[in-house]
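Hi,

Here is the structure I promised to hand over. My notes on it follow below, with the cut-offs written out as each term comes up.

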Amino acid sequence: MLSKVPVVVAFSVGLAAAAQLPLGGNDGPYHHFESQIKRVAVIGAGPAGLQHAAVLRENGFEVRLFERAPGPRGNWLSTSELPVSADFPDRRIEDGAYVPDIPHKLPHSHVYHTGDDGLSLNVRWREQWNPSPVWEHLTSNSPSSITKLPEVDYPPDHTWTLSNQEIRRHVRQYAAYKGLLADDEEARNITSYSTRVERLQKPEDSSRWTLTLRRLRWHGAAAICADWWTEEFDAVLVATGDYDSTHTPNIPGVPEWAERFPTHVFHSREYRHPSSLQGNDVLIIGASVSASEISRDIAPHVRSFSVSVRDRERSSAYDQRNIRRFAANITRIPEIRRFYPVDDSTSVRDAKLELINGTIISGFDQIIFATGFRRSNPFLAGFHNSTIKGDENPDVDVAPIITDGTHIRSVHWTGHYIPDPTLAFTAGRPWTVGTLAALAVARTWSGKARLPNLQKRWEQYNGPQRNTFFSGLFGSLGHQAYHRQLIVWLNNEALELGGRLVDQFPLRKREEFVYYANLEWTENYVTSANFSRYDDTPRSEWGKEEKTLATDLHIDW
Ligand SMILES: Cc1cc2nc3c(=O)[nH]c(=O)nc-3n(C[C@H](O)[C@H](O)[C@H](O)COP(=O)(O)OP(=O)(O)OC[C@H]3O[C@@H](n4cnc5c(N)ncnc54)[C@H](O)[C@@H]3O)c2cc1C
Ligand SMILES: NC(=O)c1ccc[n+]([C@@H]2O[C@H](COP(=O)([O-])OP(=O)(O)OC[C@H]3O[C@@H](n4cnc5c(N)ncnc54)[C@H](OP(=O)(O)O)[C@@H]3O)[C@@H](O)[C@H]2O)c1
Ligand SMILES: *[C@@H]1O[C@H](CO)[C@@H](O)[C@H](O)[C@H]1NC(C)=O
Ligand SMILES: *[C@@H]1O[C@H](CO)[C@@H](O)[C@H](O)[C@H]1NC(C)=O
Ligand SMILES: *[C@@H]1O[C@H](CO)[C@@H](O)[C@H](O)[C@H]1NC(C)=O
Ligand SMILES: *[C@@H]1O[C@H](CO)[C@@H](O)[C@H](O)[C@H]1NC(C)=O
Ligand SMILES: *[C@@H]1O[C@H](CO)[C@@H](O)[C@H](O)[C@H]1NC(C)=O
């Protein structure tokens with residue numbers, strides 16, 4: 001049953017209403033952009049980057065969209081092409097996703113032939129675009145109601161969850177609708193596919209960002225042409241997603257095994273189809289979505305499968321669902337302490353490994369590391385500080401964006417890099433907040449919405465809720481507050497400065513999600529009241545015990 005349409009109550013998010021645009025100096029309550037922003041770059045053409053590129057165009061910016069893959073769709077560009085092998089152990093985070101390749105003189109072109117630098121052309125091509133981790137039978141783990149882009153639809157009779165191919169077509173449909181496909185004439189000066197951003201820099205004496213770009217093109221089947229060049233922008237939006245770089249735990253002996261048995265030891269990103277494991281004894285490492293979903297996919301095909309699960313409490317609805325989703329007949333084993341040394345005569349089935357409880361096991365044909373991903377952006381060379389671990393927050397001269405690969409930081413809840421808001425980021429899953437987040441960036445860059453001043457941005461970021469608040473799955477208070485905070489701020493600013501009003505997430509879709517989540521996750525995981533209880537309540541009235549200001553970019557959904 002649908003209840004009444006919610007009213008978005010305009011309440012202040014700490015930005016005092018001022019009747020004029022911030023002009024002159026940065027000591028006023030609002031940020032003042034030094035020069036007018038006209039030409040902007042979007043890095044990444046997944047569901048987030050596409051929405052940003054579209055919204056920025058609609059707001060009058062001259063947009064360039066760069067994507068390392070040969071087409072749009074991001075994570076959903078599912079393909080039988082495999083990414084190049086993951087690193088065992090992880091490469092340093094500065095080069096996590098790839099090692100930037102920048103010639104001394106720019107622009108520059110080079111024609112590669114097979115065997116150059118010991119690489120086949122095919123490997124060179126895949127290293128550049130990093131084929132997506134989505135396997136052939138993967139379906140969404142989110143219902144269609146919250147896995148949808150605005151203005152385009154799934155077929156009316158679609159299922160609750162979607163095949164990856166349906167999402168792929170849906171995202172492509174959005175790109176086509178917004179004129180962002182490579183072969184679209186109006187897109188010719190906008191999109192640049194098969195183009196990897198190698199470096200993003202703002203020279204000391206400049207107010208503009210310089211992007212160093214590298215594009216590959218096939219010349220027939222016998223050569224690949226690489227072009228390098230630079231372009232300048234007033235502002236840059238980074239929409240590269242969280243899954244561009246693998247994580248493999250540095251368990252003793254793993255690198256030796258990976259080198260000795262390269263086709264038998266691999267990351268879940270390289271999994272495509274169960275037929276490749278037919279009749280095998282398989283070991284999966286990990287207890288999250290990739291591990292459990294791959295186990296289901298391979299169950300009817302393998303001879304046996306063991307799953308190595310670390311010993312920790314798994315009581316959250318998310319953890320529990322992952323455990324529940326494992327094929328029923330897996331053999332669950334503890335964490336692995338080490339992989340025993342192997343030599344040229346050891347076969348993979350004879351190779352031994354030791355569990356944390358001291359038991360030694362062997363007899364696996366394939367070992368899949370479903371051990372997750374790291375946030376890596378090698379083009380942000382000047383914004384790394386890998387000595388900072390986890391949530392540690394030392395006082396440093398250059399506010400880092402990438403630290404240990406667990407998250408991005410120094411980014412305000414509006415998406416802007418705090419010290420220089422001409423650089424902005426997307427976070428989390430883009431379906432539910434993507435267009436709002438894009439409007440936040442487009443409107444601040446065009447002077448149609450105001451950002452708090454530098455001090456205030458840091459205060460909000462370092463507030464008591466840092467790292468705990470701005471997180472949570474769709475329907476949780478964290479996600480709700482972020483969503484509402486964006487809507488309220490955008491609408492308040494529109495009231496002052498002009499611009500269209502934005503709307504709530506549609507009520508019917510919330511209800512679909514409630515229905516889905518209670519069946520798929522946990523009974524009473526979320527009810528419609530979780531969404532509606534704040535609909536007519538000003539923020540100042542929200543429960544005191546609950547945290548009500550989004551301060552950090554950490555959303556999970
Ligand atoms: C295996 C898997 C399954 C998933 N399943 C679901 C699901 O069921 N439901 C759901 O909601 N979410 C799912 N996700 C999360 C998924 O990330 C989001 O659905 C969504 O794709 C995020 O969109 P995005 O645009 O932020 O990032 P992405 O889709 O990852 O797009 C980022 C783009 O940036 C490009 N890029 C990166 N670096 C560069 C560079 N240097 N230069 C140029 N381009 C660059 C990449 O090539 C990519 O195209 C899944 C993720 C994984 C890994
Ligand atoms: N639509 C789908 O069906 C689908 C499929 C795959 C992925 N995804 C999405 O993709 C994202 C990434 O998921 P993911 O599963 O690839 O990564 P993930 O959620 O980061 O999980 C990584 C797993 O590796 C485990 N791990 C790390 N080191 C380990 C070690 N030394 N020994 C044993 N286990 C170890 C972790 O263990 P702990 O649990 O102990 O920390 C965790 O379970 C998620 O957003 C997910 O929703 C969706
Ligand atoms: C693309 O840019 C070129 C050079 O500025 C211009 O001549 C051309 O008309 C543009 N094409 C489109 C489709 O906008
Ligand atoms: C696991 O159980 C499923 C369902 O009963 C069955 O199809 C599959 O063959 C079994 N796999 C293994 C490895 O025992
Ligand atoms: C260690 O774990 C393995 C796999 O689960 C199990 O077979 C074995 O009995 C355990 N050993 C001890 C000493 O608990
Ligand atoms: C990185 O962080 C450390 C503190 O963990 C600090 O001492 C160092 O100066 C920082 N490096 C840079 C380049 O900012
Ligand atoms: C929904 O609200 C109830 C009651 O406040 C709370 O216990 C529950 O955790 C909420 N659900 C989510 C997903 O946050």
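**What I found**

The side chains of aspartate 365 and arginine 349 are joined by a polar contact of 2.9 Å, where a polar contact is a pair of N or O atoms within 3.5 Å; within protein, one must be able to donate a hydrogen and the other to accept it, and residues adjacent in sequence count only if both atoms are side-chain atoms.

Before going further, please keep in mind that this is a predicted model, in which local features need pLDDT of at least 70 and side-chain atom pairs count only at pLDDT 80 or more, while totals for chains, interfaces and linings use all residues. Residues are numbered from 1 along each chain as its sequence is written, chains are lettered from A and ligands numbered from 1 in the order in which they are written, and side-chain values use heavy atoms, with hydrogens and water left out.

**Aspartate 365**

Aspartate 365 sits in the loop between strand E16 (360-362) and strand E17 (366-369); helices (H or I, at least four residues) and strands (E, at least two) are DSSP runs, numbered from the N terminus. Is this residue buried or exposed? Aspartate 365 counts as buried because its relative accessible area is 13%, and buried means under 20%, exposed over 50%, partly exposed in between (1.4 Å probe, protein chains only). Its side chain also reaches the backbone nitrogen of aspartate 281, at 2.6 Å. Leaving out residues up to four places away in sequence, aspartate 365 touches His264, Asn280, Asp281, Val348 and Arg349, a contact being heavy atoms within 4.5 Å. Valine 348 is 17 residues from aspartate 365 along the chain, and their C-alpha atoms are separated by 6.2 Å.

**Glutamine 128**

Glutamine 128 belongs to helix H2 (residues 121-129). With 1% relative accessibility, glutamine 128 is buried too. A polar atom of its side chain lies 3.0 Å from the backbone oxygen of serine 194. Beyond four places in sequence, the residues that glutamine 128 touches are Arg68, Ser194, Thr195, Arg196, Arg214, Arg215 and Leu216.

**Helix H1**

The 12 residues of helix H1 (residues 47-58) should span 16 Å at 1.5 Å a residue, and the end C-alpha atoms are 17 Å apart, which agrees; the expected span is 1.5 Å times one less than the number of residues. H1 is mostly covered, with 10 of its 12 residues buried, among them Leu50, His52 and Val55. Which elements do the buried residues of H1 pack against? They pack against strand E1 (39-43), strand E2 (62-66), helix H3 (164-177), strand E8 (235-238) and helix H7 (430-445). Just after H1, glycine 60 takes a positive phi of about 90°.

**Ligand 6**

Around ligand 6 are Asn385, Thr387, Ile388, Pro394 and Val396, each with a heavy atom within 4 Å of the ligand. An N or O atom in the side chain of asparagine 385 is 2.3 Å from an oxygen atom of ligand 6, and a polar side-chain atom of threonine 387 lies 3.3 Å from an oxygen atom of the ligand. Taken alone, ligand 6 exposes 360 Å², and the protein buries 48% of that (Shrake-Rupley method, 1.4 Å probe).

**The chain as a whole**

The chain holds 11 helices and 19 strands, and 55% of its 557 residues are buried. Of the contacts between residues at least 6 apart in sequence, 70% join residues at least 24 apart.

Best wishes
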